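Trainee: Could we go through this structure by question and answer?

Mentor: Go ahead and ask once it is on the screen.

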Amino acid sequence: MLKRCCFILSFLAAACILVFTFTAGSTATGQTSGLEPSTGIHVYLDELPVSFDVPPQIYDGRTLSPFRALAEAMHVQVDWDGATNTVTARNAQTTVLLQIGNATAYLNNSPVNLDVPPMLVNNRTLIPLRFFSEAFQCRVEWEGATNSARIFSPPAAMAVTAFYALGDTATSSWTGLFGTPFPNTAGGHTDQVSRLALGWYSLDQDGNLLTSSSTGWQKPEGWQSVLAAAKAYHLETEMVVHLTDGAGTLSNLLANPSAMHNAVTGIAEEAAGYSGVNLDFEGLGLSGQGEELTKVRERYIEFVRLLTVALKADNLKLTLSLHPLNSAYRGYDYQALGELADQIIVMAYDYGPKPEPADLVLQAVEETTAAVPAGKVLLGISLPGETPQSILVKAGIAKRYNLGGLALWRLGLVPDEAWDTLRSTILAYRALSGIE
């Protein structure tokens, strides 16, 4: 249930295969006499398995693995020139040129000697994979005990939203972000965050904007200091409007046009102090089906449409935090909502087991991106239930499917090792500006 990055490849060769060089050995000659059957080799990119249409094989003690799937997962564009038997692979920073039978490759026009030259086997092209992976700044590890090749792509540039909520002194969002107690500031983890989603607002069923709610979300004393510090560290801010349908409050609000108008007006007026709004309406569509479920979806769409119009008048953005399509909540029409909102956070968690099952997260991402452009989608990760390795998997899913970014629940609950892992695989947009 895995899912997507800039990886739409023009692949003119029928099926290219790369050579993965993990061990020392004799130089390949281009002959196929040393070709051996598959020995159960597994290839992982960012801890996600790569599926191949041709099983990995061994050539003179060297591992060969199918190329197309891996190249696509790495978002590398590849062109095949049949007249010269040449493969050209490129991304924004790197160009690699390899030719069948030629032990000299070219990396950004500089010659590189290969242990194994590209070769043709049964009309398929075999290319040294370790060289290829490392040429595109990937780190490669070979795990002999499991016959596994593990490839780790370089940090990808993505937007990172971090939820800021109240907490006790042990789970302070302020300390979790700035690394020092309120009201002092320091760089902390601000390098890994692009935007703060400030959980300070709710609504009643009449559409009145509240600064406190029964779920514990509230606007704190000293909120002005949070906004000032965010500005000082060049972080965007969103006002989160959080409401659940546990007692029917949300359904009653959406069924009342007057209440919806009241809510939209109140949110739009308050939003003037922020970069935009994060609408977190949870619990829709748990029960009901047929026409009843259709009405629930249509009412939410109408609310989002009204809010979008109001926010755009002030040049403000709208983010929707949504249950995943493979959850129990079916009240969200992703395609219609994706056409209205600037971005969608798919809250791919609370499935039960911890860490969150990768297959369910992948399914959620695949279903989301089937309805919403990938660049609009942020993968929500509930970090307290994850491990460093599972965080790599979740971030790897976002990279594999070329999502717009990540949304982290929540500041104050993220252990240092989680930040370290994220820093190794994700480059927050803010970091690209050169801000320290």
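Trainee: Is Phe281 buried or exposed, and what is its relative accessible area?

Mentor: This is a predicted model, in which local features need pLDDT of at least 70, side-chain atom pairs count only at pLDDT 80 or more, and totals for chains, interfaces and linings use all residues. Residues are numbered from 1 along each chain as its sequence is written, and side-chain values use heavy atoms, with hydrogens and water left out. Buried means under 20% relative accessible area, exposed over 50%, and partly exposed in between, with a 1.4 Å probe and protein chains only. Phe281 is therefore buried, its relative accessible area being 1%.

Trainee: How many aromatic pairs does the structure hold, and how is the pair of Trp174 and Phe178 classed?

Mentor: Rings of Phe, Tyr and Trp (its six-membered ring) pair if their centres lie within 6.5 Å; planes under 30 degrees apart count as stacked, over 60 as edge-to-face and the rest as tilted. The structure holds 11 aromatic pairs. For Trp174 and Phe178, the centres are 4.7 Å apart and the planes are at 55°, and the pair is tilted.

Trainee: In which helix do Trp174 and Phe178 lie?

Mentor: Helices (H or I, at least four residues) and strands (E, at least two) are DSSP runs, numbered from the N terminus. Trp174 and Phe178 are four residues apart, about one turn of the helix, and both lie in helix H3 (residues 173-178).

Trainee: Why is the pair of Phe281 and Phe303 tilted, and how far apart in sequence are the parts it ties together?

Mentor: The ring centres of Phe281 and Phe303 are 5.3 Å apart and the planes stand at 40°, so the pair is tilted. Phe281 belongs to strand E20 (residues 276-282) and Phe303 to helix H7 (residues 290-312), so the pair ties together parts separated in sequence by 22 residues.

Trainee: Which residue lies over the face of Trp223?

Mentor: A charge sits over a ring if NZ of Lys or CZ of Arg is within 6 Å of the ring centre and within 35 degrees of the ring normal. At 3.8 Å from the ring centre of Trp223, the residue over its face is Lys219.

Trainee: Where is Asn85, and what is its phi?

Mentor: Most residues other than glycine have a negative phi. Asn85 lies in the loop between strand E7 (77-81) and strand E8 (86-90). Asn85 is not a glycine, yet its phi is positive, at about 55°.
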